[in-house]
Amino acid sequence: MERMDQGMPFLLQYENVAWYESGRVRILDRRVYPREVRFEVCETYQEVVRAIADMVTQSAGPYTAVGMGMALAAHQVRGKGRAEQAAFLRQAAHDLAHARPTTANRYGKITFRCAAIAEAALEAGRDPIAAIVDDTLESLGRRYSTMQLVGNHLAALIPEGGTLLTQCYGETIIGTLIRAARRTGRDFRVFCAETRPFLQGARLTASCFAQAGFDTTVLTDNMIAYAMEREGIDLFTSAADTIARDGHIANKTGTFQIAILAKYFGVPYYVTGIPDGDKRSAAEIVIEQRDPEPVLTSWGIPNTVPEVRGIYPSFDVTPPHLISGVVTDKGVYVPYLLDRYFETNVQEFY
């Protein structure tokens, strides 16, 4: 197997995303990185579900974690009858796919394929665990390869010596953008919105760019207008947890308001990712509501009196009129014309 993580930041090395070995899945705990390099070790697929729900890994990390979780499910039920194993794996596929509701359609493409591959391996007398791990690694490499095309297209949109604003942690697109910039010799400044309450922009995105040698600055989430007015932001970009065919996108809460500011200041906003063929419109986007405790605290220390309530919608939806273009593996699309993406051959991404 050719590995596609050469030259990627630490966070994106295969073993540091999610890794199955000897009846365990190891997941880098992104909630504490870079203060601490710690791995969550899961001994059941149910623990993988919980790790994803608790945001031990996020962005594209769960795509790999759910596949490795399926390998762990196959390990849990090894030695049972074929019918029992198949039923257990189908249940695991459902549970892992629904670890987070907004992206259940994407996770499910991986988990139910893993279940089918495992059943085929059982019928052929082969090891279903090895078959699932192999498929998960192939899927991981396929995503990195596909997103490298996206990263190449995004790099071409950034002015030489310009300034890029990011939101949250775009996972693979961050690594592939860095590789594209290194290959072409392109340099630019990066401003990273911190992304409360888990601070993915400050901890993850900023770490990747800074460690790659880019001039990197972190902004609190309420400094975006200041930066757009006074720091010469040339381009705003984010990944998307889902891209509906009508041009609406869902991404980390706060993306919508940054897009509004970008429109006001005349800063182009480019979304990166692969459109979801099975989501026709914004009406089909489910917004995950999380425990508000992280909103009311900072690293476990309360910020409010006990009588104060909080809300924590994990995502918001940005409408197409605020989006300059959707950057895909096939090029840049006007958000209103995303259906054209599906008029040509669509490669399996997950």
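Mentor: Please bear in mind that this is a predicted model. Strand 9, residues 249–252, pairs with strand 13 in the antiparallel sense over four bridges. Let us begin with this pair.

Trainee: Which residue of strand 13 is the bridge partner of Ala-250?

Mentor: Strands of a sheet pair through backbone hydrogen bonds, either parallel or antiparallel. Strand 9 and strand 13 are antiparallel. The bridge partner of Ala-250 in strand 13 is Val-317.

Trainee: Which helix packs on the sheet there, and what angle does its direction make with that of strand 13?

Mentor: The helix is helix 9, residues 255–265, and it touches both strand 9 and strand 13. Its direction and that of strand 13 make an angle of about 35°.

Trainee: Which strands stand at the edges of this sheet?

Mentor: The sheet is open and its three strands have the order 8-9-13. A strand with a single partner strand has one side left without a neighbour in the sheet, so the strands at the edges are strand 8 (242–243) and strand 13 (315–318).

Trainee: In the hairpin of strand 1 and strand 2, which residue takes a positive phi?

Mentor: Strand 1 (residues 18–21) and strand 2 (residues 24–28) pair in the antiparallel sense over four bridges, and Trp-19 stands opposite Arg-26 in strand 2. Two residues lie between the strands of this hairpin. The residue with a positive phi, near 55°, is Ser-22.

Trainee: Which residue of strand 3 is the bridge partner of Ile-27?

Mentor: Strand 2 is also joined to strand 3 (residues 39–42) by four bridges, and the two run antiparallel. In strand 3, the bridge partner of Ile-27 is Glu-40.

Trainee: How many residues apart are Glu-43 and Arg-24?

Mentor: The side chains of Glu-43 and Arg-24 meet in a salt bridge, at 3.2 Å from N to O. This pair links distant parts of the chain: Glu-43 lies in the loop between strand 3 and helix 1 (45–53), whereas Arg-24 lies in strand 2. The two are 19 residues apart.

Trainee: Is Tyr-336 buried or exposed?

Mentor: Tyr-336 lies in the segment after strand 15 (331–333). Together with Val-334 and Leu-337, Tyr-336 makes a nonpolar surface patch of about 280 Å². The cut-off for an exposed residue is over 50% relative accessible area. Tyr-336 has 52% relative accessibility and therefore counts as exposed.

Methods
Residues are numbered from 1 along each chain as its sequence is written. This is a predicted model: local features need pLDDT of at least 70, side-chain atom pairs count only at pLDDT 80 or more; totals for chains, interfaces and linings use all residues. Side-chain values use heavy atoms; hydrogens and water are left out. Two strands pair if DSSP finds at least two bridges between them. Contact means heavy atoms within 4.5 Å. Axes are lines fitted to C-alpha atoms, for helices over the stretch in contact, and angles run from 0 to 180 degrees between N-to-C directions. Patches are made of residues with over 30% relative accessible area and no salt bridge: like charges are joined within 9 Å, nonpolar side chains (Val, Leu, Ile, Met, Phe, Trp, Tyr) within 5 Å. Accessible areas come from the Shrake-Rupley method with a 1.4 Å probe; for residues, only the protein chains shown count as cover. A salt bridge is a side-chain nitrogen of Lys or Arg within 4 Å of a carboxyl oxygen of Asp or Glu. Buried means under 20% relative accessible area, exposed over 50%, partly exposed in between (1.4 Å probe, protein chains only).
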